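Dear colleague,

Please find the structure below, handed over for your use. My notes on what was found in it follow directly after.

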Amino acid sequence: MLDKTGTLFSHVKPADTAYVGGGLRDFFLYRDLGIAKATHGKVIAHLVKANLPPEGGTGWHRHEADFQIVIMLKGWAKFMYEDQVTLVEAGDCVHQRPGIRHYLFDYSPDMEYLEIVSPADFKSIDVDPVCDIPPSTPWK
């Protein structure tokens, strides 16, 4: 059967790509899974893990994206989705509907999640605060 999707086959092993800084948030490390290249920018998939304590969080923002999910692999994170505190723990999956205003304000030192977003070059847009943010948990 001929492939008419225009996408490429991709198989990335852990040793193929390293965790690096310089992503959307400087307090996280990112590991590219090769999906943006394979889909010609239609979708990005990367692993994200904690690198520094959550001293300021992400700030209130929304994404210009058609689709976004977060699957928590290790640890936990606390988000504000609009005005609701949401604890996301290992094994949880969150679909962030397009345009939802949110703020990641707390996470464990071992936090690691898989994020899948379309398109790959999605934008993060700062927004006005929705509500007050609870304090984060200090790392020991």
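S118 has its place in strand β9; helices (H or I, at least four residues) and strands (E, at least two) are DSSP runs, numbered from the N terminus. With a relative accessible area of 17%, S118 is buried, where buried means under 20% relative accessible area, exposed over 50%, and partly exposed in between (1.4 Å probe, protein chains only). A polar atom of the S118 side chain lies 2.6 Å from the backbone oxygen of K42. Leaving aside residues up to four places away in sequence, S118 touches K42, V43, A65, D66 and F67, contact meaning heavy atoms within 4.5 Å.

The model is a predicted one, in which local features need pLDDT of at least 70 and side-chain atom pairs count only at pLDDT 80 or more, while totals for chains, interfaces and linings use all residues. Residues are numbered from 1 along each chain as its sequence is written, and side-chain values use heavy atoms, with hydrogens and water left out.

E112 also belongs to strand β9, which covers residues 112–118. E112 counts as buried because its relative accessibility is 11%. Its side chain makes a polar contact of 2.6 Å with the side chain of Y19; such a contact is a pair of N or O atoms within 3.5 Å, where within protein one must be able to donate a hydrogen and the other to accept it, and residues adjacent in sequence count only if both atoms are side-chain atoms. Y19 is also among the residues that R31 touches, together with V12, K13, P14, T17, A18, A45, H46 and L47, not counting residues up to four places away in sequence. R31 is in strand β1 and, at 9% relative accessibility, counts as buried. Its side chain reaches the backbone oxygen of T17 at 3.0 Å.

Turning to the nonpolar cores, each is a set of buried Ala, Val, Leu, Ile, Met, Phe, Trp, Tyr and Cys residues joined through side-chain atoms within 4.5 Å. The largest has 17 residues, of which F28, A77, Y107, M111 and Y113 touch the most other members. Two or more residues of this core come from each of β1, β2 (44–50), β4, β5 (76–81) and β8, and β5 gives the most, with three. Apart from it lies another core, of six residues, including A36, I44, A120 and F122.

On a 1 Å grid over the protein atoms alone, a cavity is a set of points where a 1.4 Å probe fits but cannot get out, and lining residues have an atom within 4 Å of a point. Grid points are joined across faces, edges and corners, and a volume is the space filled by probe spheres set on the points.

The largest cavity holds about 150 Å³ of space. It is lined by 16 residues, of which H61, H63, Q68, Y113 and E115 are the closest to its centre. Strands β1 (28–32), β3 (61–64), β4 (67–74), β8 (102–107) and β9 each supply at least two residues of this lining.

The second largest cavity has a volume of about 40 Å³. Among the residues lining it are H63, D66, Q68, R97 and H102.

With kind regards

Key. 1 Å grid on protein atoms, 1.4 Å probe; cavity = no way out; pocket = protein on both sides within 12 Å on 5 of 7 lines; lining within 4 Å.
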